[in-house]
Each structure stands twice: as C-alpha cells, then as structure tokens.
Amino acid sequence: MIVGYIALLARIIMLGLERIVLKFMNEYDSTAVASLFFLFAALFLTPVFFFVPVGVYSIFIPSLILLTLTSSLVYSFGFYAYVRAISVGDTSLVAPLYNSSLLWLLLMSFLFLDEDITLYSVSGGIIMFAGMMLLYPGSIKSKLNAIRESKSSMYMIAGSIFIAIGRTIDTYIIQTIDEKLYAFLSNLFIGLFLLLLVIYQSNTQQIRNILRDKRKIIVLSGALNGWSYLFLLIAISFLGVTIAEPTSLLSVFVTAYFAKRFLDEKVKERIHGMILMIIGAILLFIT
C-alpha cells in the first residue's frame, strides 16, 4: 500500500508539471509535439526492462498485443486532443476539464468492469458538472456558450472520452501482464501512431524544428509523461483505479500554482471550480 501511495504522489506532481512544460510548445503542430511527447516517454521508460521478469514476455499472447495496440490507438486520439487543448488554451482552465474523463471512466467501469453506479456517484457527477460551470464567468447560458465556443475546452472534453476508454483497457490488461512493460509499449505505440500521422501529413519538418529549437523542453515533457504514466499504473495495481484516478486530480493544483507563477494565468477565480470537481470526483468512486 505504501508503494502505491508513493507512486500516486509522484504521479500527481509529474502530471501537474507536464502540462506547464507542454505549454511552452504551443507554437508547433500538436500532432508532432504529441508524437515526440510519447516517443521520448518510451525512451525514458526503457530502464524498466531491467526490472521485468523474463517469464513475463511469454505471457504476451496475440490477444494482449491486439489490446495494447487498440488502447494505444485510442490514446492517440485522446492525447492529441489533450496536447492541442493545452496549446490553444490556459492550462489552469483545461487541466480541470481533463478530470471529466472520470465521468466517462465511471460509465465504462459500469459497462465493462461490473462496477455499480450509486447515489454517491450520481451526486458526484452533478457536483463535477457544477464545478466545471464555475470555471467560466457569467450566467449559466453564457457559461455553456463559453464551453461550446472554447476550442481548448472542446478539445479537452473530447480527449477525456478517449482517455477514459484507454484507462478502462489499461485496468484489464495490467491484471495479466507487468505494468512496467505495458507502460513502455503503450507510450511507444502511441508515439508511433502519431508519427505515422505526421508523415502522412508531410509535416516532418515540424519534428526537426522541435528537436532543433526546443530539444530540452520536449525531452523533459517526455520524461514527465512516461514516468507519470508508469506511476499511475503502479498506483492502480496497488490501490485500484477507483482510488488512483480521483486522487490524481490533485495535480490540477500543481498546474494552477505553476501556471500562475510562470504563465501569469488568472487562476484565483477558477479555484472554487477545481475544488468542486475534486469533491465530485471523490464522490464518484465512494462505494
């Protein structure tokens, strides 16, 4: 249990910092950024092979490979939208919207993992929605219009749906194979899927530009991405997805702090919405 909580703390800090680092890449094509984001994550995860038992490789049957490829493809859509949302909007605004993935995760868990929807979870969903409304100024109508007209908000909400699907597949897969090996393969496949899209779009010059001008930043973002994901999988394996995912939401405060300090974003008026969304997320998973 202690290992799980340590992993969860590392996940919270790294995830919060990851969004700030990505913001410094907003002048580049989001597909190219996302591709390098995951390929460098895979590179930083290669040391896990020293800790994966040899017998684990024999378990990688075709169905598990297919599931890993499927989850990676789903994540490719989700994290492209995630990177795009950060590049075009305030990190302190879109980071809480990332939490809406928990609503979709709850639905996926109910449909595919035999988890129940309770009065607490319904209440949590309502509170999360109220918290999301507080992130935007004005009346209810103006808030809804602001969400609909905000490209960054729509990107993040759409991305959260795909991320929830990926998390559901994760929970199933790591019951069968080593989470360290899966973290490496997942990041590698996501990066390769996005790289193929960059090549298809004849946009490889963006890759070269990023590696030339922002090499340190993209390498740092990849390290934060890879290790934060590994720590999430470790936390899930020790504590379960229903504890690991909601607690990870505390990363929004890490993001908000650094967004205020380094990006001069207007954070104060969004704090109440962030707090409500976290309370709602906790209620989602009370049994």
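Which residues have the most contacts inside the largest nonpolar core? They are Val33, Tyr82, Met156 and Ile210, in a core of 73 residues. A nonpolar core is here a set of buried Ala, Val, Leu, Ile, Met, Phe, Trp, Tyr and Cys residues joined through side-chain atoms within 4.5 Å. Buried denotes a relative accessible area under 20%, exposed over 50%, and partly exposed a value in between (1.4 Å probe, protein chains only).

The model is predicted, so local features need pLDDT of at least 70 and side-chain atom pairs count only at pLDDT 80 or more, while totals for chains, interfaces and linings use all residues. Residues are numbered from 1 along each chain as its sequence is written, and side-chain values use heavy atoms, with hydrogens and water left out.

**Core and helices**

Contact means heavy atoms within 4.5 Å. Beyond its neighbours within four places in sequence, Val33 is in contact with Leu22, Met25, Tyr28, Val83, Ile210 and Ile218. Val83 counts as buried because its relative accessibility is 4%. With neighbours within four places again set aside, Val83 is in contact with Leu22, Ser30, Val33, Ala34 and Phe37. Val83 and Ser152, 69 residues apart in sequence, have their C-alpha atoms 9.6 Å apart in space.

Ser228, in helix α11 (residues 215-239), is buried, with a relative accessible area of 1%. Not counting residues up to four places away in sequence, Ser228 touches Arg11, Met14, Leu15 and Glu18.

Helix α6 (residues 119-134) has 16 residues and should span 22 Å at 1.5 Å a residue; its end C-alpha atoms are 23 Å apart, which agrees. The expected span is 1.5 Å times one less than the number of residues. Buried residues in α6 are Ser121, Gly124, Gly125, Met128, Gly131, Met132 and Met133.

**Salt bridges**

How many salt bridges does a search of the whole structure find? There are two, each defined by a side-chain nitrogen of Lys or Arg within 4 Å of a carboxyl oxygen of Asp or Glu.

| Salt bridge | Closest N and O atoms |
|---|---|
| Glu27 with Lys214 | 3.7 Å |
| Asp213 with Arg212 | 2.9 Å |

Glu27 is partly exposed, with a relative accessible area of 46%. Asp213 is likewise partly exposed at 43%, whereas Arg212 is exposed at 53%.

**Surface and backbone**

Leu250, Phe253, Ile275 and Ile279 form a nonpolar surface patch with about 300 Å² of accessible area together. Nonpolar patches join side chains of Val, Leu, Ile, Met, Phe, Trp and Tyr within 5 Å, from residues with over 30% relative accessible area and no salt bridge. Accessible areas come from the Shrake-Rupley method with a 1.4 Å probe. Ile279 is found in helix α14 (residues 271-284) and is partly exposed, with a relative accessible area of 39%.

Ser202 is not a glycine, yet has a positive phi of about 55°. Ser202 lies in the loop between α9 (179-200) and α10 and is exposed, with a relative accessible area of 65%.

Definitions and conventions. Helices (H or I, at least four residues) and strands (E, at least two) are DSSP runs, numbered from the N terminus. Patches are made of residues with over 30% relative accessible area and no salt bridge: like charges are joined within 9 Å, nonpolar side chains (Val, Leu, Ile, Met, Phe, Trp, Tyr) within 5 Å.
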